[in-house]
Amino acid sequence: MTVDQTRHSLDGRHRPMFIGGAWVEAASGQTMETRNPATGEIIATVPRGGKRDIERAVAAARNAFDGPWSRFKPHERQKLLLKIADLFERHWEEICVSDTTDMGLPIVRARGNANRVLGMLRYYAGMATAIHGQSIQNSLAGDIVSYTRKEPVGVVGAIIPWNAPTAASVWKIGPALATGCTVVLKPSEEAPLTPLLIAELMADAGVPDGVVNIVTGTGPEAGAPLAEHMGVDKIVFTGSTATGQSIVRASAGNLKRVSLELGGKSPVIVCADADLERAVPVAAMSVFANSGQICIAGSRLFVARSIHDEFVARLAAYAGALRIGNGIDPNTEIGPLISPRQLDRVQGYLRAGTEEGARLVAGGNRLSDGALAAGNFVAPTVFAGVSDIMRIAREEIFGPVISALSFDTLDEVVRRANDTPYGLAAGVFTRDLATAHQLSRRLHAGSVWVNTYHAIDPAVPFGGYKMSGYGREGGAEHLDEYLNTKGVFIRID
Ligand code: NAI
Ligand code: MG
């Protein structure tokens with residue numbers, strides 16, 4: 001059933017999904033609710049898409065891939081991406097309010113992401129005209145010219161989590177538009193509204209029907225059929241390691257290409273010579289930003305023994321001073337967790353930390369005074385006296401919880417920092433150049449930040465080692481994830 005195209009509004013409205021350029025309902029007719037995690041209120045319903053809707057979206061994406069979209073020249077795709085960036089810029093406040101309302105991100109942080117997200121779109125625009133193969137000299141008998149071509153992989157299935165709907169959508173769709181692929185994106189059931197808004201803005205910018213499709217629904221009902229679909233050439237996924245593993249299994253049917261950005265338990269190492277004025281707030285916000293719902297959260301904080309107590313005291317004071325509340329208030333620094341389920345998970349870790357003998361030095365509880373009672377709020381939490389084997393030091397919590405550990409030597413801290421199944425990111429604070437270089441080299445992680453954290457740039461590759469996934473987003477590697485390389489030989493004698 002097709003419904004009228006509507007402009008976006010978050011006031012108790014039903015929002016259809018977007019397939020083949022039309023705003024449509026689920027084949028089953030079912031819907032699901034999405035809530036504001038700061039207030040618990042239902043803010044909209046969306047279609048509860050399933051296998052039949054995935055079929056329809058993949059068919060639309062295939063038609064578009066084979067159709068006029070395949071004749072778009074690189075400079076035309078570039079122009080489209082630049083137009084999308086301009087439209088996003090004009091509608092940026094609407095995008096921010098959508099993320100704040102649907103997933104709790106403080107509005108000031110959402111606004112602060114403008115440069116990064118618009119920069120991504122403009123970076124892909126530039127890259128659209130920089131895709132090229134190579135002319136390669138060969139050793140064959142006869143006169144044979146050989147060269148490579150870069151070709152779009154085809155229909156890309158994108159599955160994203162709730163924690164950064166705007167950046168994740170752009171990170172998945174942008175390279176598709178740059179390379180000439182088409183996309184079926186399944187947003188998180190917890191935060192589907194901004195991806196729908198993004199699709200609408202892209203259509204307004206002139207993205208042809210079927211090039212970008214959004215199917216709302218749950219992981220098992222809509223995500224799994226997308227991962228299994230024989231007509232999907234590639235899956236790009238961001239989310240938990242367990243779901244990433246099930247996507248790899250689902251991909252085996254047609255051996256589709258997969259790239260995965262998964263969980264982390266990233267170490268932050270504070271050496272005795274670190275500038276504490278800088279290190280304390282950066283280490284704190286490496287976890288507390290987005291209420292800890294960040295894949296790169298620096299949740300294992302290794303502090304040199306000689307400065308450990310002072311560092312932890314300063315960190316606890318910093319955590320205690322953060323302003324927590326509804327993210328729509330511009331004074332709010334820390335918003336809610338996404339859902340009551342996530343609140344339960346995080347509270348489970350707060351109990352586990354205490355039970356396993358860690359020392360609570362800040363937070364440690366749910367916040368339920370006044371208006372906070374209706375939302376999923378947890379106080380920014382610091383545990384000290386943590387040992388490497390505790391659950392809070394090993395498992396991804398995805399909440400505002402820092403586990404502080406102390407260390408004596410660099411060799412020791414490198415070994416302990418690397419002793420994790422994950423390898424997404426690592427942070428180092430030191431004033432010593434040799435230490436900075438040595439640790440950057442020895443830490444097993446896709447990103448290493450020295451005297452900073454969270455730095456992500458459209459031109460710099462980002463992704464995991466080990467069970468944090470494979471494939472890269474950002475930089476030329478990102479576009480390669482969406483391209484096949486073909487070798488061509490032509491006999492000319
Ligand atoms: P999830 O990984 O299950 O969800 C991410 C996306 O995958 C969502 O769109 C979901 O609908 C979809 N999905 C779920 N099951 C699927 C399946 N079988 N096939 C295809 N798609 C599927 O993560 P969830 O349940 O939202 O969060 C649970 C925990 O996972 C969090 O507490 C956190 O520890 C971790 N997580 C880590 C993220 C990261 O970026 N490191 C992002 C999201 C979650
Ligand atoms: Mg929501």
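How are helices α14 and α15 oriented relative to each other? Let's start there, keeping in mind that this is a predicted model.

**Stop 1: α14 and α15**

Select residues 410-418 for α14 and residues 433-442 for α15. Their axes come within 11 Å and cross at roughly 30°. Angles under 35 degrees count as roughly parallel, so α14 and α15 are roughly parallel to each other. Now show the side chains: on α14, pick L410, D411, V414 and N418, which meet T435, L439 and R442 in α15. Sorted by class, the contact of these two helices has three nonpolar, two polar and two charged residues.

**Stop 2: α5 and α6**

Next, grab residues 114-128, which form helix α5, and residues 165-179, which form helix α6. Here the axes come within 9 Å and cross at roughly 10°, so α5 and α6 are roughly parallel to each other too.

**Stop 3: α2 and α7**

Which way do α2 and α7 lie to each other? Select residues 74-90 for α2 and residues 193-205 for α7: they pack at an angle of about 125°, with their axes 9 Å apart. That makes α2 oblique to α7. The crossing of the pair is right-handed. On the α2 side, show L80, K83, I84, L87 and F88; on the α7 side, show I198, L201, M202, D204 and A205. By class, the contact of α2 with α7 has eight nonpolar, no polar and two charged residues.

**Stop 4: the two domains**

Zoom out and colour by domain. The domain assignment gives domain 1 as 3-262 plus 468-488, and domain 2 as 267-457. Taken over C-alpha atoms, the centres of domain 1 and domain 2 are separated by 31 Å. Where they touch, 24 residues of domain 1 are in contact with 33 residues of domain 2.

**Stop 5: confidence**

Finally, colour by pLDDT. The chain has a mean pLDDT of 96, and 98% of its residues reach 70 or more. Then select residues 1-11, where pLDDT stays under 50. The model has 32 contacts beyond four places in sequence for residues 1-11. Where pLDDT is low, predicted coordinates should not be read in detail.

Methods:
Residues are numbered from 1 along each chain as its sequence is written. Chains are lettered from A and ligands numbered from 1 in the order in which they are written. This is a predicted model: local features need pLDDT of at least 70, side-chain atom pairs count only at pLDDT 80 or more; totals for chains, interfaces and linings use all residues. Side-chain values use heavy atoms; hydrogens and water are left out. Axes are lines fitted to C-alpha atoms, for helices over the stretch in contact, and angles run from 0 to 180 degrees between N-to-C directions. Helices (H or I, at least four residues) and strands (E, at least two) are DSSP runs, numbered from the N terminus. Angles under 35 degrees count as roughly parallel, over 145 as roughly antiparallel, 65 to 115 as roughly perpendicular and the rest as oblique. Contact means heavy atoms within 4.5 Å. Ala, Val, Leu, Ile, Met, Phe, Trp, Tyr, Cys and Pro count as nonpolar, Asp, Glu, Lys and Arg as charged, and the others, Gly among them, as polar. pLDDT is the predictor's confidence in each residue, from 0 to 100. Domain bounds come from an automatic or database domain assignment. A crossing is left-handed if the near helix is turned anticlockwise from the far one by less than a right angle, and right-handed if clockwise.
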